[in-house]
Amino acid sequence: MTQPALASTGQPLAEGVQGIVADWSSDQRAFKNVPWGKAMMWIFLLSDTFIFGSFLISYMTVRMSTQSPWPNPSEVFALTIAGQNIPMILIAIMTFVLISSSGTMVLAVNYGYRKDRKMTFIFLMLTAILGATFVGMQAFEWSKLIFEERIRPWGNPLGAAQFGATFFMITGFHGTHVSIGVIFLIIVAVKVLRGSLDSERPGFLTGRRGNYEMVETMGLYWHFVDLVWVFIFAVFYLW
């Protein structure tokens, strides 16, 4: 007959779920080397996933239940360039810019692992510039809908009134995330350039000495923002 496995205390390990809970809570092996900032970012992103998910589900529910005609996104989000009416051109460019910023963020994290201050700073700033470009184009999109199309959160001359409410709520909430991300990217980039992550200089968003984990934490946030936009693009603009 086999002997039961023993814990570090010499006591027999509990079975099933109780055993897993007891093991993780006793020696913290699962999360022992995970920095608090990274763990808290994952928790924040999980909560944010529920919020964006609720928004998109609410949009789909309203879209399918309303009796009023829903505006055609290809017509509403078209731009006139050189006398030609091009549908979705601005949205396509915005999407390309934001997805490209994920690539620069990956490179920033990669050079952060190598502790290359110069290249990490450069790619963090490139990511921030691309993010700011996205926000600028979104502001142009809003101004076009507000001043030219006369669409408001409480009304829409092109069809269902819920179109304006859902559009400004979902894209505005996402744009706020991108704007906040740009600010924090710039803060982290300046700290990288100053060597604050190498010397563990006291201050905001510094982390442990010689560890560029804060760059990776910012990368988690930025990739999440980009991923959410993919869902918004698919559900709101392509449907």
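**Helix geometry and packing**

Helix 6 (residues 162-194) has 33 residues, which at 1.5 Å a residue should span 48 Å, and this agrees with its end C-alpha atoms, 48 Å apart. The expected span is 1.5 Å times one less than the number of residues; helices are DSSP runs of H or I with at least four residues, numbered from the N terminus. After helix 6 comes G195, with a positive phi near 85 degrees.

This is a predicted model, in which local features need pLDDT of at least 70 and side-chain atom pairs count only at pLDDT 80 or more, while totals for chains, interfaces and linings use all residues. Residues are numbered from 1 along each chain as its sequence is written, and side-chain values use heavy atoms, without hydrogens and water.

Helix 5 (residues 117-148) and helix 8 have axes that come within 13 Å and cross at roughly 30 degrees; axes are lines fitted to C-alpha atoms over the stretch in contact, with angles from 0 to 180 degrees between N-to-C directions. Helix 5 is therefore roughly parallel to helix 8, a term for angles under 35 degrees. Contact means heavy atoms within 4.5 Å. From helix 5, T120, L124, T127, G131, F134, Q138 and E141 meet V215, W222, W229 and Y237 of helix 8.

Helix 8 (residues 213-237) also holds E216. The E216 side chain makes a polar contact with the side chain of K38 at 2.9 Å; such a contact is a pair of N or O atoms within 3.5 Å, where within protein one must be able to donate a hydrogen and the other to accept it, and residues adjacent in sequence count only if both atoms are side-chain atoms. Leaving out residues up to four places away in sequence, E216 touches K38, V109 and Y113.

Terms used. Helix = DSSP H or I, 4+ residues; strand = E, 2+ residues; numbered from the N terminus. Parallel < 35°, antiparallel > 145°, perpendicular 65-115°, else oblique.
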